Amino acid sequence: MATSYADPLVWGVILVIGVLTYAIRLSFIGLFGYLDEIPPRLERPLRYVPAAVLAALVLPAFVTLNAGGLAVEKLVAGGLAAVVAWRTENVFATMAVGMGTLWVARFLLLPAL
Amino acid sequence: MDREDFARGVREVAPLLLGVAPFGLVAGIAAANAGLDLTQAVGMSVIVFAGASQLAALDLIGRDAPLSVVVLTAVVINLRMLMYSASIAPHFRTFATRLKAGLAYLLTDQAYALSIASYRGERSVDRAAYYIGVALTLWVVWQVTTAAGVVLGTGVPDAWGLEFAVPLVFLALLVPAMEDGPTTVAGLAGGTIAVAGAGLPLNLGLLVGASVGIVAGLVAERPMEVNATDGH
């Protein structure tokens, strides 16, 4: 899925994300003395950002609800990888099992059916 | 700068590189898949230097999502660093402004976690030296593995589905993020809504899912607090 955005636009979006991300990083480090603590009203929702964002990135990649039918191999690979992630919390092991399962399903099992 | 503390930072971050290196490779592969060239991919890793947001942005760029959605998604993902910045700021308060500006650029999940643990330890430490040892090592590994990933990503056939490594990396980060009841509710709600909203226009599924997840976590907080005290 190569983008059809022209190079200057790609650079532009990289730059804008970079500047905003830097502002987030610098915020309290730069302003310490003026602004010492995150207001509780902001801190509570922030606590849920990682889980909510990561899950919203992960699940649609494993489960697709379109007319083209379910991509079974992705569902199975994602499920097995989830068990490994839960047991080991290891990025490398999770990737190895997920990709390994995908390849076994795609190249060995599905063609044999 | 204390050389020993710098070296200690480098040593203590080494085991974490096992997780960071494949993540960087995947970021390079994702950049190649999205149609970025080597300069753009490494440029992104240098300018943004935040893996999860880079991967999400690359996915959206590859699908020609509106650039405002790309930016907003990346920023929401990086909002968590607001917490790190606030938490580590008191430890940096005596440093010169220029040093603070540099240290802020290098702030990442791993650099934050290791440094805070070290600052809270009993042993006194040159805080800047230790932090730079950790954070600069991560930075170098991130750039090198991104570049390697671009080369790999352009050479491997599509059928291998290398882009599937992206959600797998996120999955390994998601599990520890769902650390208690309300965060688990946030994850389940965010994921479910994102699946249901995958067909939404402007590729808004991720943002809508994440927003609903955050609200669900906040809503779940109260009854769970009550439950937690029930048995006492």
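Among contacts in chain B between residues at least 6 apart in sequence, 73% join residues at least 24 apart, two residues being in contact if their C-beta atoms, placed from the backbone, lie within 7 Å. The structure is a predicted model, in which local features need pLDDT of at least 70 and side-chain atom pairs count only at pLDDT 80 or more, while totals for chains, interfaces and linings use all residues. Residues are numbered from 1 along each chain as its sequence is written, and chains are lettered from A and ligands numbered from 1 in the order in which they are written.

Chain B contains 12 helices and 0 strands; helices (H or I, at least four residues) and strands (E, at least two) are DSSP runs, numbered from the N terminus. Its radius of gyration is 19 Å, close to the 17 Å that the globule rule gives for 232 residues, so chain B is as compact as a globular protein of that length. The radius is taken over C-alpha atoms, and the globule rule is 2.2 Å times the number of residues to the power 0.38. The C-alpha trace of chain B spans about 60 × 55 × 30 Å along its principal axes. Of the 232 residues of chain B, 49% are buried, that is, 20 or more other C-beta atoms, placed from the backbone, lie within 10 Å of the residue's own.

Chain B is divided into domain 1 (3-173) and domain 2 (178-232), with bounds that come from an automatic or database domain assignment. The centres of these two domains, taken over C-alpha atoms, are separated by 25 Å. Where they meet, 9 residues of domain 1 of chain B are in contact with 6 residues of domain 2 of chain B. On the domain 1 side, the elements giving two or more residues are α4 (51-62) and α5 (67-78) of chain B, and the largest share, 4 residues, comes from α5(B).

Buried residues of α11(B) include P182(B), V185(B), G187(B), I193(B) and V195(B).

Chain A has 5 helices and 0 strands. Its radius of gyration is 20 Å, well over the 13 Å that the globule rule gives for 113 residues, so chain A is more spread out than a compact globule. Along its principal axes the C-alpha trace of chain A spans about 65 × 40 × 30 Å, and 38% of its 113 residues are buried. Chain A is divided into domain 1 (1-36) and domain 2 (49-112), whose centres, taken over C-alpha atoms, are 30 Å apart.

The two chains touch through 81 residues from chain B and 64 residues from chain A. Helix α10 (residues 165-177) of chain B provides the largest share of the chain B side, 12 residues. That side divides into 56 nonpolar, 20 polar and 5 charged residues; Ala, Val, Leu, Ile, Met, Phe, Trp, Tyr, Cys and Pro count as nonpolar, Asp, Glu, Lys and Arg as charged, and the others, Gly among them, as polar.

The largest nonpolar core has 108 residues, of which V169(B) and L174(B) touch the most other members. Such a core is a set of buried Ala, Val, Leu, Ile, Met, Phe, Trp, Tyr and Cys residues joined through C-beta atoms within 7 Å. Helix α3 (residues 49-62) of chain A gives the most to this core, with 12 residues. Beyond its neighbours within four places in sequence, L174(B) is in contact with A51(A), L54(A), A55(A), V58(A) and G187(B).

Technical notes
A residue is buried if 20 or more other C-beta atoms lie within 10 Å of its own, exposed if 12 or fewer, and partly exposed in between; C-beta atoms are placed from the backbone.
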